[in-house]
Amino acid sequence: MNQVKRLISRNAVPLLFGIVCLLGVYFAKMPGQFLLMEIVKRMARNSFLVLSLIIPVAAGMGLNFGIVLGALAGQIALILSTHWEWAGIGGLLLTALLATPLAVLFGFLAGMLLNKAKGREMITGMVMGFFANGLYQFVFLFLVGTVIPFDNPRLRISTSPGLRNTIDLSRIKGTLDGIWEVRYGFTKFPMVTFLVIAVLALAIWAFFRTKLGQEFRAVGQDRHIAGVSGINVDRNRILAIVISTVLAAWGQLIFLQNIGTLNTYNSHEQVGTFAIAALLIGGATVTKATIGQALMGTFLFHLLFAVSPNAGQTIFGSAQVGEYFRVFVAYGIIAISLALHAWQSKSLARASLEEDLSS
Amino acid sequence: MKERLVAIYHGFGLPRLIIAGFLLLLLIIAGGTELSVAGLLSDALVRIGQNGIYVLAMVPSIQAGVGLNFGLPVGVICGIVGVLVAMEFSLLGFSGFLVAILLAVPLAIGAGYLYSLLINRVAGQEMMVGTYVGFSVVAGMCIFWLMAPFKNPALIWPVGGQGLRVTLTLADTFAGVLNDFLAFEISGLKVPTGLLLFYGFIAFLVWVFFRTKAGVAMEVVGRNPRFAAASGLSLNKYRTLGIIMSTVLAAIGYAVYAQSFGFVQLYNGPLMTAFPAVAGVLIGGASTREAKVRHAILGVVLFQTLLTVAMPVTNQLIEGNISEIARVVVSNGMILYALTRATGGDQA
């Protein structure tokens with residue numbers, strides 16, 4: 001009995017959201033086939049991005065709001081690859097190769113910055129994302145076509161500077177998903193994409209069994225003890241962010257090859273928020289995140305996303321309500337998780353202080 | 001003489017010297033083009049008065065030790081509700097503006113108190129929790145705007161009879177009541193006297209507060225919590241007071257902003273209000289641990305003038321609207337700078 005209780009209390013968040021999702025599914029009254037298609041598509045798109053968050057959590061840096069930088073690296077590579085007309089799966093792989101050094105550079109800079117803001121990595125990471133977004137817009141909305149000569153009718157409208165708002169990615173659209181698809185009814189399961197996600201999950205699992213993975217864990221548990229025992233804390237923290245940023249860049253490419261169009265100026269804006277909300281809904285916290293939680297959370301969050309508009313239509317007579325509701329859930333879950341975490345660590349600190357005083 | 005110059009330099013700070021120098025450069029460039037410098041400065045004065053109270057709202061929260069108030073939208077939403085109710089009853093001119101404020105302030109006191117209950121329990125993570133509480137409140141209110149029982153046809157969608165519009169105009173009710181009050185013009189420079197007087201009055205009230213006993217106690221709580229607790233001050237009491245003051249200022253700030261801007265933007269409109277305000281007070285020389293009224297005033301003057309002047313001048317040089325991007329880069333760059341400075345604080 002106690003075990004059941006513990007199981008429930010440990011998984012309270014995913015259970016709660018499971019119930020909300022079930023209610024949503026019930027009220028949305030969507031055909032099962034359609035729902036399956038939606039959820040398979042969304043899982044294939046987003047799982048990689050959510051998994052990219054796990055390593056910094058283990059290294060004690062909290063939820064990496066800076067994965068926006070990785071997404072930007074992916075998009076910059078994609079803009080260049082569209083310019084050079086790379087196509088097919090080879091083109092996509094080449095784009096991923098091109099994105100990697102960019103993401104390493106961005107991740108390195110981000111890691112250096114976060115080392116100057118220990119204890120407030122999350123807010124710094126978030127503001128860093130906004131800042132990088134501003135620079136990205138400055139480059140691609142102003143410099144391109146004025147200072148940087150760049151004439152390509154697919155990417156630019158010649159009358160005004162800057163790239164087009166939407167860029168057609170039909171050259172690489174579905175190149176990864178389409179290698180091997182298994183059909184079930186209307187639903188196409190993109191087997192290779194799921195295989196890539198599985199390989200990443202396995203790689204993260206294996207990584208935590210290496211020496212470096214254990215060092216990350218040690219840094220995450222206590223920076224000072226790790227430092228005293230001879231681990232280079234700052235270097236490890238930078239490395240964790242670099243890995244996360246590179247994974248996010250690849251994740252954004254997987255996301256965009258599925259969608260097929262690049263919204264030049266806002267495809268990346270919500271990447272951090274939505275991936276983090278998904279991870280938290282799976283039951284992860286600021287200090288602990290597992291692969292299972294990431295995948296479970298992606299499933300629940302995107303099920304909620306898929307059913308909200310229709311459920312809103314049935315319950316409130318307005319699909320708009322459902323759409324606002326899901327955004328509210330995304331922000332709300334982050335706010336609640338952060339607050340709970342701060343609350344718990346505060347009472348833990350107080351408990352240890354009282355212990356010190358009494359001993 | 002030299003020492004005095006050095007002292008002035010240290011008091012003013014390098015970032016502000018750079019920004020002021022850049023501003024001067026922009027104004028000189030503007031003088032060389034067909035742009036009217038007086039017109040630019042008139043716009044800047046309006047923007048300063050319009051955003052000033054938001055920036056001022058950062059002062060009590062920083063001084064009470066809560067850090068930068070990223071939860072500003074909590075107060076802004078209260079201001080919006082006040083303005084909407086005044087519009088619902090078609091109250092015109094000053095009565096509309098005053099009713100909006102009278103409604104918004106008690107709402108903001110209540111909301112600020114609830115917000116402080118949360119924030120006082122998450123000491124150390126106030127900024128991050130505040131940001132996402134602000135975002136959630138804005139997103140949750142989106143649902144409210146859709147379902148709220150407003151009936152005035154000027155506010156709701158023409159079809160369906162329910163749900164507030166995305167953008168509402170104040171032109172028929174109380175747009176510009178402060179801006180036009182005693183406004184005058186000298187050689188092209190329009191001065192929105194009422195707006196600036198009201199801003200000055202609010203700034204003066206905040207300044208006076210920090211000279212009262214409660215204000216000094218709040219500053220001690222923020223600066224040195226251990227010392228404050230040892231001398232018998234209740235930390236939570238002053239932190240709560242600081243958050244409520246900040247929320248109330250945000251609500252008043254919204255009413256002032258709306259009457260000057262002339263429109264109410266609902267739904268995701270207030271989502272990012274905290275960021276320019278946070279950047280403003282930091283540009284003025286505040287840190288995450290210390291902020292004075294003069295920092296808020298200097299910051300809003302420099303930041304808003306920069307944004308107003310930069311746009312038309314750069315438009316002469318390159319095409320396109322650069323002001324939005326300049327705002328994003330400058331404000332977030334400034335916040336990053338403040339967060340990564342080794343101040344010894346550990347707020348997140």
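The entries below go from the ground rules to each chain, then to where the chains touch.

**Ground rules**

I noted that residues are numbered from 1 along each chain as its sequence is written, and that chains are lettered from A and ligands numbered from 1 in the order in which they are written. This is a predicted model, where local features need pLDDT of at least 70, side-chain atom pairs count only at pLDDT 80 or more, and totals for chains, interfaces and linings use all residues.

**Confidence**

I looked up the scores for the model and found ipTM 0.84 and pTM 0.87. Then I checked pLDDT, the predictor's confidence in each residue, from 0 to 100. Chain B has a mean pLDDT of 87, with 96% of its residues at 70 or more. Residues 344-348 of chain B have a pLDDT below 50, though this stretch has 18 contacts in the model beyond near neighbours in sequence. A contact means that the C-beta atoms of two residues, placed from the backbone, lie within 7 Å.

**Chain A, overall**

I counted 14 helices and four strands in chain A. Helices (H or I, at least four residues) and strands (E, at least two) are DSSP runs, numbered from the N terminus. The C-alpha atoms fill a box of roughly 75 × 50 × 35 Å along the principal axes.

How does the radius of gyration of chain A fit a compact globule? With 359 residues, such a globule would have a radius near 21 Å, and chain A has 21 Å, so the two agree. The radius is taken over C-alpha atoms, and the globule rule is 2.2 Å times the number of residues to the power 0.38.

Buried residues make up 49% of the 359 residues in chain A. Buried means that 20 or more other C-beta atoms lie within 10 Å of a residue's own, exposed means 12 or fewer, and partly exposed is in between, with C-beta atoms placed from the backbone.

**Chain A, close up**

I followed helix 5 (residues 67-83) of chain A from end to end. Its 17 residues should span 24 Å at 1.5 Å a residue, and the end C-alpha atoms are 25 Å apart, which agrees. The expected span is 1.5 Å times one less than the number of residues. Helix 5 of chain A is mostly covered, with 13 of its 17 residues buried. Just after this helix, Glu85(A) takes a positive phi of about 60°.

Lys29(A) sits in the loop between helix 2 (12-28) and helix 3 (32-51) of chain A. Its phi is near 50°, a positive value in a residue other than glycine. Is Lys29(A) buried or exposed? Lys29(A) counts as exposed because it has 11 C-beta neighbours inside 10 Å.

Next I looked at a hairpin. Strand 2 (residues 181-184) and strand 3 (residues 187-190) of chain A run antiparallel and are joined by four bridges; strands pair if DSSP finds at least two bridges between them. Val182(A) has Phe189(A) in strand 3 as its bridge partner. Two residues lie between the strands, and in this hairpin Gly185(A) has a positive phi near 60°.

**Chain B**

Chain B has 14 helices and four strands, and 50% of its 348 residues are buried. Its C-alpha atoms fill a box of roughly 60 × 55 × 35 Å along the principal axes.

I picked Tyr238(B), which lies in helix 11 (residues 235-261) of chain B. Tyr238(B) counts as buried because it has 25 C-beta neighbours inside 10 Å. Leaving aside neighbours within four places in sequence, its contacts include Ala64(B), Val221(B) and Leu233(B).

Ile28(B) is in helix 2 (residues 14-32) of chain B. Ile28(B) is exposed, with 11 other C-beta atoms within 10 Å.

Ser90(B) is in the loop between helix 5 (72-88) and helix 6 (93-119) of chain B. Ser90(B) has a positive phi of about 50° although it is not a glycine, and with 12 C-beta neighbours inside 10 Å it counts as exposed.

**Where the chains meet**

How many residues of chain A are in contact with chain B? I found 40 residues of chain A in contact with 35 residues of chain B. On the chain A side, helix 7 (121-143) and helix 14 (319-358) are the elements that give two or more residues. By class, that side has 26 nonpolar, 11 polar and three charged residues. Ala, Val, Leu, Ile, Met, Phe, Trp, Tyr, Cys and Pro count as nonpolar, Asp, Glu, Lys and Arg as charged, and the others, Gly among them, as polar.
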